[in-house]
Amino acid sequence: MKITTGQAARGENFFKRPILTNKLWRKIDSDSSIIISAPRRVGKTSLMRYIEDNPKEKYYVVYVITESVYNENKYYKEIVKAILNCDSIKKRDKVINSIKDLAKSIFKSIDEVGIDSVKFSKNNELNYYEKFIEIMKSIDLEGHKLIIMIDEFAQTIENIQQKEGNIYALQLLQSNRALRQNSDINNKFQFIYTGSISLEGIARRMDSSKYINDLDILKVTPLSEEEGKSLINELLKGLDFTMADNTINYMLHKIKWLIPFYIQLAMDKIQDIYDEENLCVIYNNSVDIAIKRMIEENNKFSSWYERLKVYKNNDYKFIIEVLDIISITEAKKITYNEIYDLAVRYNLEETYKELLNTLIDDGYINNEEEERVYTFTSPILRMWWCKKIAN
Amino acid sequence: MQTSSLSLYNPNNLTEKELIDRFVIRKKEFQKIFKDIKNSEMKYPEQHYIIEAQRGYGKTTLLKRLYFEIKRDEELKTRLIPVILPEEQYNIRKLFKLWEVTAQHLQMESDEFMGLYDEMNTHSEGEDYEDICFKILEQKLKEKNKKLILLIDNIEGVLKKFKIYEQQKLREILLTSAEIRIIGASSEVLKFINDYDKPFYDFFKQITLKGMNEEENMEFLEKLGEIFNKKDINEILKSNRGKIEALRRLTGGVPRIMILLFDIFIDNSGSTFKKLETLIDRVTPLYKNVMDRLSPVQQEIIDVIALSWDAITTKEIAEKIRMQSKEVSAQLNQLEKNGVINKIPEKNYMYQIKERFFNIWYLMRFGGKKEKCKVQWLVDFLETWCSREALEETALKFMNTLKTKEVYKYNLNDYEKTDKYTNDFITIHALAESLLWNDRIEESLEKASLFLQLANNTDKYNKSINEYFIFLMAKKQYNSLYKLFNKSEFKLKDKFKPTYYALMYLMKNQNEQFEIEYKKVGEELEETVEEIIEEVNNVEQKYK
């Protein structure tokens, strides 16, 4: 297993999490469409790609990323293209032939159907939402079901919102829902949505949570301590240095919020230290240096601050102040009473609970140790926040 | 600019054999990236890289070294095909053009890819041409069972011309296609990978090239000696160690500048300052170009920051050029974005010139007598400091000067007898050190004022004076030393700049003012300041 800090981890670089993948398959088996929800960098895309690379019997899986899509028709076009070019479908002769026939009859404008190079002529812009329905109606999947995974869906909504306005963004949420509810076709496919922006958050801000309330939510949780240990040991197999159990425990204790990315990043910094100093055994002091370097590397954390900028005025001030207080005070925490007092100061008595819940959902803070006391979920993020934002 | 060695070392003029043979620095970075390429199956999309460094740090050479190694490696060349896009890619303005140019290069790399560009071109009228181009490229790579390693020099120059949706599209491709892996090089990545709103935020794995350290520099100069057939190179390097090291620290260990320096060391035998002046002449076209690209207001601001040398606040700049702080701020942000200056986060932001040797060039070129004098003092300081023996030996020597406590007392008595009548620097300086050694601090400081006065018109005792300052810090007399530094008639801050910053480091916990002052230290001084602090600790330990 190789250290992976940028790309989604795939193949043998993906740290298998059977409990989580089984949970996802159970949700898929129950026929619902799903949101995979988790803060940035928890491993959502890696999980989706694992499902794509290792589909269960009776499922075809298509992965689409729609980050660069700015209108609804283009969104459905990307999905249609992805279905026509889907690798797992291409392996089945019968299905492929059915697609070719389909394409010929549906896409009169397609001058060539070379599966990999479906070209669409410029003159007739088709309505790809309709085409999607037509395909779904007539495609013979030989008893399989199609899982369409859409990465960066919320980004697409935001793109459309910015370029074409709120109404068009809402329309995409609505049309997605309409497809999911269309009983003529919805036995043939399921959607799984995910992305680095929270779909629930954007729907809430557009006051349109109702358009996604049929979706089942899978929360990607951090690794357990056991899993964390086993991930480190897997990574060590491909590295030239060793770490004793107590050093591994020390590192896990320092990271505390055990998302694979933080562990990978810490290991990457340790690898740098190994390269610089040729240490064959890594001890706690190198772990300390590695974590210090992680925090120094601003761009790994600044997203946590930047994405709060979607909140405006007092909402924003309130959120920032809550986080500042936790990061600076000696106890590294804030009580519910103090939060309420801040809410009163910013005239947010009505809405502060929702803001607080967003901070919890997005992985900033939690109250898992004491019910009415909130701390940063990740001590590393707290240290970064204290150093770069609060001061 | 004399460029004989420079052009001979220009990576674009070298054959494969020459480039590989001359590749003596950046070996670790090369190994790191190459090992990753070698161990990557590319079954799934792999991690993409950006090599980041300022101009002249060896980015192009490193890219070329990777390119040649992939082609040479028996196993890799069967499954990978590298393509290198050189620095000037003025014609790539759109994403489809990137694929077209890549196709043209692939055709040159291997006959297998003949006709690829034409194939793309037949679709140029179609919608989604950029999608089709990439699909065709990807398809061809699959067909030929080859994965593409695309090495792009000056990648930010290419990316910044793309529209946002093209950047997003490229990111989608790089996230999903296992056929292509990008290794880019750039001198200003900040805007692309540190800006949260941009698609490539935190996308590339960043490898930063730093200036060469002393050891790397020596190896590099030795190699240059070998290439240019200077048989006495080792002798030259040995006898000029302090000079070379002083200039390395001033120039930040930039390989391209060290090549220029190599010529100067071989050609003339003047003082270090003289060599610096020659070097300044040679880099002038390069740096003048930086100044010429700025607007008149920005030039004025840079003039103030550069002449101040140490970091300076917005308010101070605004006062000097009689402009509103707000307007100055806007310009400063722009200059920071363009990589000309650095911002030091403090309550009030402070700014300094980012490329430190550019600052020295400016002082020497546009500063008055006073500024040049400051540079001369720093050069002298560094040369003396860097010529000193290893720490252990210095400490021993120090001990010999001081002798043992008993001997010292004896000396003290001796000196005291002569004290009243002498006006000799050496005697008074030795007496001051002896007094300090015996914890007679107030008397020692009195003598210090005296010997500083005696040495005020000459620099020949600077080494001894610095020794006394280190001793004073080892005795934890920070505030007394600070008072000495503040006596403007001695110009000690200018003459002993690194020592002054070492003092600020030691005092920074006393008061916020010192902490802020310490943050003003320029990168060219950092290494020396650290060594002085270490020396203070050593002396303190030895003479406890």
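**View 1. A:L236 sits in helix α10 of chain A, which covers residues 225-237.** Helices here are DSSP runs of H or I with at least four residues, strands are runs of E with at least two, and both are numbered from the N terminus. This is a predicted model, in which local features need pLDDT of at least 70 and side-chain atom pairs count only at pLDDT 80 or more, while totals for chains, interfaces and linings use all residues. Residues are numbered from 1 along each chain as its sequence is written, and chains are lettered from A and ligands numbered from 1 in the order in which they are written. Setting aside residues up to four places away in sequence, A:L236 touches A:T242 and A:M243; a contact means C-beta atoms, placed from the backbone, within 7 Å. A:S88 is 148 residues from A:L236 in sequence and 33 Å from it in space, C-alpha to C-alpha.

**View 2. The largest nonpolar core has 134 residues.** Such a core is a set of buried Ala, Val, Leu, Ile, Met, Phe, Trp, Tyr and Cys residues joined through C-beta atoms within 7 Å. The residues with the most contacts inside this core are B:L151, B:M258, B:L261, B:I305 and B:M473. The core lies between domain 1 (26-208) and domain 2 (388-542) of chain B, because both give residues to it; these bounds come from an automatic or database domain assignment. Look next at B:L261, which is in contact with B:L247 and B:L279 once neighbours within four places in sequence are left aside.

**View 3. Another core, of 103 residues, lies apart from the largest one.** Its members include A:I34, A:Y50, A:M243 and A:W384. In chain A, 39% of the 391 residues are buried.

**View 4. Chain A meets chain B through 23 residues of chain A and 29 of chain B.** On the chain A side, helix α14 (residues 302-306) gives the most, with three residues. What kinds of residue make up the side of chain A that touches chain B? They divide into three nonpolar, eleven polar and nine charged. Here Ala, Val, Leu, Ile, Met, Phe, Trp, Tyr, Cys and Pro count as nonpolar, Asp, Glu, Lys and Arg as charged, and the others, Gly among them, as polar.

Note on methods
A residue is buried if 20 or more other C-beta atoms lie within 10 Å of its own, exposed if 12 or fewer, and partly exposed in between; C-beta atoms are placed from the backbone. Two residues are in contact if their C-beta atoms, placed from the backbone, lie within 7 Å.
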